[in-house]
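I opened my notebook today to go through one protein model step by step. Here is what I looked up, in the order I looked.

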Amino acid sequence: MGAIRPFREDDIGQAAELHRSVFATGPAMSPGLLDLYDAYFREVFLGRPSQREDLPSMVYEEGGKVMGFVGSTARPMRFRGRPVLARLTSQFVVDPRRRGMVGVKMLQTMLNGPQDLTIADESNTASRRIWEAIGGCTARLQSFTWIYPLRPCSAALSAVARRGGAAGALARISAPAARSLDWLSTRLRVNPFRPAEPRLAGHEMDFEMLLASLSSGLHQSLQPAHNRQSLEWALGRAARFQDCGTLRKVIVKSRKEETAGWYISYSNPGGVEEVLQISAKPATAQDVFDHLLYEARQRGAAAVSGSFDPVFMESYVERRCIMRCGPWVLVHSRNPELTRAFQEGDVFFSRLEGEWCLHFR
């Protein structure tokens, strides 16, 4: 009979092989890949600045072999000004021969910890079913993502290219034709994919300004409680994902030089500009969103995409963004007010606070 216990440094090799065998294809673990996994597990699940001993990652061990892993990191938050301890789970994986009750028991162990709130914001349908079966819930609004095609032919090919294989190769060969079709669309008198020039101006946002804005510029009841160390860590991780593009932080100002909002995104000419974080006051949400779309097109992006935020709902509708559901955002708390904040959209929780920065790359 196996046991669930805290993840230790000497589990890294087995946890890495389990992760590779379930999520990756190709040959067995090479020394170089093992070194990458070793650095990843140490940095994200053992050495993160906000790591707490009472919120460890967990493994399922049977006969001396690691057959299940779920990562855990602490995410300090505030609810109506009061401190809240959230636990973010990631990289939940169980050996196919032990799925079922092992996965349920591992998740129950996580949810029964000392945290006020547990979050998994990039979950698949199988995890969602387990989560809801043991008392968790799905934040449906937060589970939507939006996409605005700026160059629709190139955007479609970019999505195909991500799949790799023969389809990806065909997409790359077809790229010049797609760019030509997109250029022709710009000659149309009415072009729904050409955002209007924004009313407000923006400029690069420095770290101190972002930290101050996150500390005092949010209006939602439930919001992250960043400090200098945690924000530096998250931005540093995000900046290293160079396959997504170059990370940019932009603050948008009103004509009176007041902060209208800000956004953090990856400049990715020819590809999809992924938005890690966007924030605005309700009265200026449209202006901030328009600035994002216009600047992305100026930088050559094929499309812009991000996670759903109710503050920008009118912007999504007015600009005719394409909406899709998934991955699922799952939450659990013994305090119904905290889960209700997610379900009603009264929360600021962006990709920067979620699992995006915990990806293995």
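## Notebook: a walk through the model

**Ground rules.** I am working with a predicted model, where local features need pLDDT of at least 70, side-chain atom pairs count only at pLDDT 80 or more, and totals for chains, interfaces and linings use all residues. Residues are numbered from 1 along each chain as its sequence is written, and side-chain values use heavy atoms, with hydrogens and water left out.

**Cysteines.** I started with C244 and found it buried, at a relative accessible area of 10%. Buried means under 20% relative accessible area, exposed means over 50%, and partly exposed is in between, using a 1.4 Å probe and protein chains only. C325 came out partly exposed, with a relative accessible area of 40%. Then I looked for disulfides (pairs of cysteine sulfur atoms within 2.5 Å), and the structure holds 0.

**The whole chain.** I noted 11 helices and 15 strands in the protein chain. The chain has 361 residues, and 52% of them count as buried. Its accessible surface is about 16900 Å², and 53% of that belongs to carbon and sulfur atoms. That area comes from the Shrake-Rupley method with a 1.4 Å probe; for residues, only the protein chains shown count as cover.

Next I checked contacts, meaning heavy atoms within 4.5 Å. I took the contacts between residues at least 6 apart in sequence, and 73% of them join residues at least 24 apart.

**Two helices.** How do α1 and α2 pack, and at what angle? I found helix α1 (residues 12-23) packing with α2 at an angle of about 110°, with the axes 9 Å apart. So α1 is roughly perpendicular to α2. The α1 side of this contact is I12, G13, A15, A16, H19 and R20, while α2 brings L33, L34, Y37, D38, F41, R42 and L46. I sorted the residues of the contact into 8 nonpolar, 2 polar and 3 charged.

For the method, I jotted down that axes are lines fitted to C-alpha atoms, for helices over the stretch in contact, and that angles run from 0 to 180 degrees between N-to-C directions. Under 35 degrees counts as roughly parallel, over 145 as roughly antiparallel, 65 to 115 as roughly perpendicular, and the rest as oblique. Nonpolar covers Ala, Val, Leu, Ile, Met, Phe, Trp, Tyr, Cys and Pro; charged covers Asp, Glu, Lys and Arg; the others, Gly among them, are polar.

**Residues in loops.** L55 sits in the loop between α2 (31-46) and β2 (58-62). Buried or exposed, I asked of L55? L55 counts as buried, at 0% relative accessibility. Beyond its neighbours within four places in sequence, L55 is in contact with S72, A74, L85, R87, P114 and Q115. I also compared L55 with L88: they are 33 residues apart in sequence, and 9.6 Å apart C-alpha to C-alpha.

Q142 is in the loop between β6 (137-138) and β7 (144-149). Q142 counts as buried too, at 9% relative accessibility. Its contacts, leaving aside neighbours within four places, include F308, P310 and V329.

**Strand β11.** S265 is in strand β11, and I read a relative accessible area of 0%, so S265 is buried. Leaving out neighbours within four places in sequence, the contacts of S265 include T246, E273, L292 and R299. S265 and V304 are 39 residues apart in sequence, with their C-alpha atoms 9.1 Å apart.

R80 has a positive phi of about 55° without being a glycine. R80 lies in the loop between β3 (65-79) and β4 (82-94) and is exposed, at 52% relative accessibility. R320 also has a positive phi of about 55°, and it is not a glycine. I placed R320 in the loop between α10 (313-318) and β14, and R320 is exposed at 69%.

Which peptide bond is cis? The bond from G326 to P327 is cis, with omega near 0°. P327 lies in the loop between β14 (322-325) and β15 (328-332).

Conventions. Helices (H or I, at least four residues) and strands (E, at least two) are DSSP runs, numbered from the N terminus.
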